[in-house]
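I set out these entries to record what I looked up in the structure shown below. I begin with the term on which several later entries rest.

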Amino acid sequence: MDYFFYGTLMDPALLARLVGAAAATVEPARLVGFRRVRLRGQPYPTVVPAEDGSVDGIVVGRIDAAGARRLAEYEGPSYSIRLFGVMLQDGRTRRVRVFVAPVGLASDGPWEP
């Protein structure tokens, strides 16, 4: 399973703890048509649609089922997994899983890594 991370899971130590060896397959990527914002009242980010926006992050491939379970536990019930296409540095597009909170939980404030 391939995932796109745009927030706290871009931290190499945290990522390695949750997904093990898959953390070695990190590739820079961009999610186009979205912007990264803070969750209302929380220090964590989510992405919301934005016609002229883009969010830089990383793609991590080959995450096994145990790693996927740990990721879902880490993200918690506020986030669901959505499938999106992201653009890799070489211009290719890859379909990946992205954790996204409901738009109603998003604030207007930006979130920076």
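**Entry 1. Terms.** I take a residue as buried under 20% relative accessible area, as exposed over 50%, and as partly exposed in between. I also note that the model is predicted.

**Entry 2. Arg30 and Asp56.** I applied these cut-offs to Arg30 at once: its relative accessible area is 37%, so I list Arg30 as partly exposed. I then looked up its partner and found a salt bridge with Asp56, in which the closest N and O atoms are 2.7 Å apart. This pair links distant parts of the chain, with Asp56 in strand 3 and Arg30 in strand 2, 26 residues apart. Asp56 has a relative accessibility of 40% and therefore counts as partly exposed too.

**Entry 3. Glu27 and Arg94.** I asked how many salt bridges there are by the rule in use. The count comes to five. One of them joins Glu27 to Arg94, with 3.0 Å between the closest N and O atoms. Glu27 belongs to strand 2 (residues 26–39) and Arg94 to strand 5 (residues 93–100), so this pair, 67 residues apart, also links distant parts of the chain.

**Entry 4. Arg92 and Asp90.** I next recorded a salt bridge between the side chains of Arg92 and Asp90, at 2.7 Å from N to O. Arg92 is partly exposed at 42% relative accessible area, whereas Asp90 counts as exposed at 52%. Salt bridges that share partners join Asp90 and Arg92 with Asp2, Glu27 and Arg94 into one network.

**Entry 5. Thr46.** Is Thr46 buried or exposed? Its relative accessibility is 0%, so I list Thr46 as buried. Thr46 lies in strand 3 (residues 45–60). A polar atom of its side chain is 2.9 Å from the backbone nitrogen of Ala101. Leaving aside neighbours within four places in sequence, I found Thr46 in contact with several residues, among them Tyr6, Arg35, Val37, Tyr79, Val100 and Ala101.

**Entry 6. The largest pocket.** I looked up the space in the largest pocket and recorded about 240 Å³. Its lining consists of 17 residues, and Thr8, Tyr44, Pro45, Glu75 and Tyr79 lie nearest the centre. By class, I noted eleven nonpolar, five polar and one charged residues in this lining. Strand 1 (3–5) and helix 2 (65–75) each supply at least two of the lining residues.

Note on methods:
Residues are numbered from 1 along each chain as its sequence is written. This is a predicted model: local features need pLDDT of at least 70, side-chain atom pairs count only at pLDDT 80 or more; totals for chains, interfaces and linings use all residues. Side-chain values use heavy atoms; hydrogens and water are left out. Helices (H or I, at least four residues) and strands (E, at least two) are DSSP runs, numbered from the N terminus. Buried means under 20% relative accessible area, exposed over 50%, partly exposed in between (1.4 Å probe, protein chains only). A polar contact is a pair of N or O atoms within 3.5 Å; within protein, one must be able to donate a hydrogen and the other to accept it, and residues adjacent in sequence count only if both atoms are side-chain atoms. Contact means heavy atoms within 4.5 Å. On a 1 Å grid over the protein atoms alone, a cavity is a set of points where a 1.4 Å probe fits but cannot get out, and a pocket is an open set with protein on both sides within 12 Å along at least five of seven lines; lining residues have an atom within 4 Å of a point. Grid points are joined across faces, edges and corners, and a volume is the space filled by probe spheres set on the points. Ala, Val, Leu, Ile, Met, Phe, Trp, Tyr, Cys and Pro count as nonpolar, Asp, Glu, Lys and Arg as charged, and the others, Gly among them, as polar. A salt bridge is a side-chain nitrogen of Lys or Arg within 4 Å of a carboxyl oxygen of Asp or Glu.
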